[in-house]
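Here's a friendly walk through one protein model, strand by strand. Have a look at the picture first, then read on.

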Amino acid sequence: MRRFILTAVAVAASAFILQTNTYADVIDISGAPGEAVSESVLDVMDNRPTQIVENDNANIVKENILEIGSDIFSNGTISNSPEGNSYVGPTSDISQTAPGSMHSNDMGTEVSLPFKLALPNVSNGSFKVAEGSVQLSDGSWDVIGRDKILRGPYYRVLREVTDNNGVEWYVCDISASSIGAYKTADGSKAEELWLKKSDCAELSSIYLNTTNQTRIDIVIAALSQLGKGYTLGGSGEDSYDCSGLVNYAYKQAGVNIPRQSSAICAMSEQITVDQLRPGDILGRPGHVGIYITDGIFVHASENSTGVVSEYLNNYNNAIGFTNYINAVGD
């Protein structure tokens, strides 16, 4: 059984390519030209918008599918699209594998964290979100509704508070004027993000599919800086640029790497996305981050967001890393 990321759905003359922003288990997909998919897609774990694209080298037909579920993948064919169409075609190629899939069965360990992480956990379309609130520079408070899609997978908790109305909150570290689809009204950077506890899950430990202490130390160091600010040339501990954050995390684990992102991306220890393990580096010329686990990475993104966590498949769909580096050397 193979695990891969689906990010669009395409039927081409020479290959059948499944892609959506979700994970699925697949059993030996194969088939002759013109036949339906011979094996069904199993265990789709979350719903995300996707497309079917049929390309016969003469024309392209696109059909939006708003939800992925067992009814769409029926008996090995793609059916129940919004127009009720079924799509069949040649099958031979899976276009993109899931981050770290080659090591998904490696021996791992549950790692205790010296801080808590809050995870938005309310379903909103294809995202998990939470209601939040920030204090602006003039002292006023701005409520961030679930429609603003506070969807980062991890927020580092500073403290827990119960307000005068009895509502419980996680107070999380940030240094940002932009959080998800929300932007501060006055352009100022909020220094704390309050997340409603009832909208969140909580982590005080994290499972990593590695027993390598160096990798564990890198991951904990990266997560410990969530919410810190972004400064060009910053090396911590209050603000970083992208390579400054990666250098900081690696130094905590006793590993020396180049300071500049371009030099990091040029390192010889190149791997593929499916070979990623906790603590590996993701990059492209001009930007780098650190892989955590389960398709999540941490990076010093930009001035408006600071140090944040993101889903790798979403980022690669929008921008895209080109290099994956095993700088630990194991």
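## Words you'll need

Two strands pair if DSSP finds at least two bridges between them. Helices (H or I, at least four residues) and strands (E, at least two) are DSSP runs, numbered from the N terminus.

This is a predicted model, where local features need pLDDT of at least 70, side-chain atom pairs count only at pLDDT 80 or more, and totals for chains, interfaces and linings use all residues. Residues are numbered from 1 along each chain as its sequence is written, and side-chain values use heavy atoms, leaving out hydrogens and water.

Strands E16 (residues 168–176) and E19 (residues 190–196) run antiparallel, joined by six bridges. Trp169, for instance, has Lys196 in E19 as its bridge partner.

Both strands belong to an open sheet of seven, ordered E14-E13-E19-E16-E15-E10-E20 with antiparallel pairing. E14 (141–144) and E20 (200–208) sit at the edges with a single partner strand each, so one side of each has no neighbour in the sheet.

## A hairpin

Further along, E26 (residues 296–302) and E27 (residues 306–311) are antiparallel and share six bridges. A hairpin of three residues links E26 to E27, and Val298 stands opposite Ser309 in E27.

Thr293 is part of strand E25 (residues 287–293). Is Thr293 buried or exposed? Its relative accessibility is 4%, so Thr293 counts as buried (buried means under 20% relative accessible area, exposed over 50%, partly exposed in between, with a 1.4 Å probe and protein chains only).

Leaving aside neighbours within four places in sequence, Thr293 is in contact (heavy atoms within 4.5 Å) with Tyr154, Ile206, Tyr207, Leu208 and Asn209.
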